Amino acid sequence: AAPLLAQPLPAAAGARAGAHMPPLVRAYQGRMGLERFMPQGLTDPDRQVTNALIAANVVVFLITMSNPTIVHDYAQINSLMVGRGEYYRLLTAAFLHGGPLHLLANCLSLHWVAPAVEEQCGRSTFVLIYALSAVSAGMAHLLMGPYFGVLVGASGGVAGLLAATIAFKWRNRTFVPFTQSDVSWIGQIVALNVVLSLLSHSISHWGHLGGALGGAAAMYLFGPRFRWGRGYVENQPLIPLFRDMPGRH
């Protein structure tokens, strides 16, 4: 992992607490900007789950090339899911893709977006946020999409991870404030998605929206929440499920 980078705490917050800034917030301030979403080395120990997700998507795609019936059995086909009660499709559809370009786009998106969320939340919470984002994307498509529609792809989960990081930054903005590069990066992502939406009629907008809402909600409930306590900044998630989150003891 990269070394912890210290940055000064906002003056008002430091005066209010009357204490020095502990390593927990130094780490987040130095490493948790959206600029951290730029490509990292595949051997970075803080992105092992990210690597596993990318590998799983590639392996599943290679399997479906030799056995296309897997798509029919595990894609989110709303009519089959409701008629047969096969709600596991809400999650399994996130590992299926419609073609090489679809797979490439989502794997690159995971490569850019996921490592920062995995690092800031820990592996267990990261997996939970990604899974809830993917399921939320599927639920939105089920409720608002066509009854005979088919949904595949990891983009709902990716939308959730992006929204989760924005939620993380907003909640902890006193300690990890937004930067100009953050705003620029968000604007570029939004612009890119608008262009892709105009060029393709097969994108599930409801799925992306559902994934984003699910990711933001999951981060709010389970993600890092910084608070002053006993002269130090403490990480106090609303629902502290896992001990492997940075700053949790």
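Q: A salt bridge is a side-chain nitrogen of Lys or Arg within 4 Å of a carboxyl oxygen of Asp or Glu. By this rule, how many salt bridges does the count come to?

A: Side chains of opposite charge can pair when their charged atoms come close. Here the count comes to 2 salt bridges. Before going on, keep in mind that this is a predicted model, where local features need pLDDT of at least 70 and side-chain atom pairs count only at pLDDT 80 or more, while totals for chains, interfaces and linings use all residues. Residues are numbered from 1 along each chain as its sequence is written, and side-chain values use heavy atoms, with hydrogens and water left out.

Q: Which residues are linked in a network of salt bridges?

A: Arg-84, Glu-86 and Arg-89 are. Glu-86 meets Arg-84 at 3.7 Å, N to O, and it meets Arg-89 at 2.8 Å, N to O.

Q: Which of these residues are buried, and which are exposed?

A: Go by relative accessible area: under 20% is buried, over 50% is exposed, and partly exposed is in between (1.4 Å probe, protein chains only). Arg-84 has 53% relative accessibility, so it counts as exposed. Glu-86 is at 15% and therefore buried; Arg-89, at 1%, counts as buried too.

Q: What does a search for aromatic pairs find?

A: Rings of Phe, Tyr and Trp (its six-membered ring) pair if their centres lie within 6.5 Å; planes under 30 degrees apart are stacked, over 60 edge-to-face, and the rest tilted. Searching the whole structure gives 5 aromatic pairs. One of them joins Tyr-147 and Phe-148: their ring centres are 5.0 Å apart and their planes at 85°, so call it edge-to-face. Tyr-147 is partly exposed at 46%, and Phe-148 is exposed at 67%. Phe-175 and Phe-226 are also edge-to-face, at 6.0 Å centre to centre with 80° between the planes.

Q: Which charged end sits over the ring of Trp-170?

A: The test is NZ of Lys or CZ of Arg within 6 Å of the ring centre and within 35 degrees of the ring normal. Over Trp-170 you'll find the charged end of Arg-173, 4.0 Å from the ring centre. Lys-169 lies over the face of Phe-178, at 5.9 Å from the centre of that ring.

Q: Which residues touch the most other members of the largest nonpolar core?

A: A nonpolar core is a set of buried Ala, Val, Leu, Ile, Met, Phe, Trp, Tyr and Cys residues joined through side-chain atoms within 4.5 Å. The largest one here has 28 residues, and Leu-110, Phe-126, Ile-129, Leu-161 and Met-219 touch the most other members. Helix H3 (48–66), helix H7 (100–121), H8, H9 and H11 each supply at least two residues of this core. H7 gives the most, with 7 residues.

Key
Helix = DSSP H or I, 4+ residues; strand = E, 2+ residues; numbered from the N terminus.
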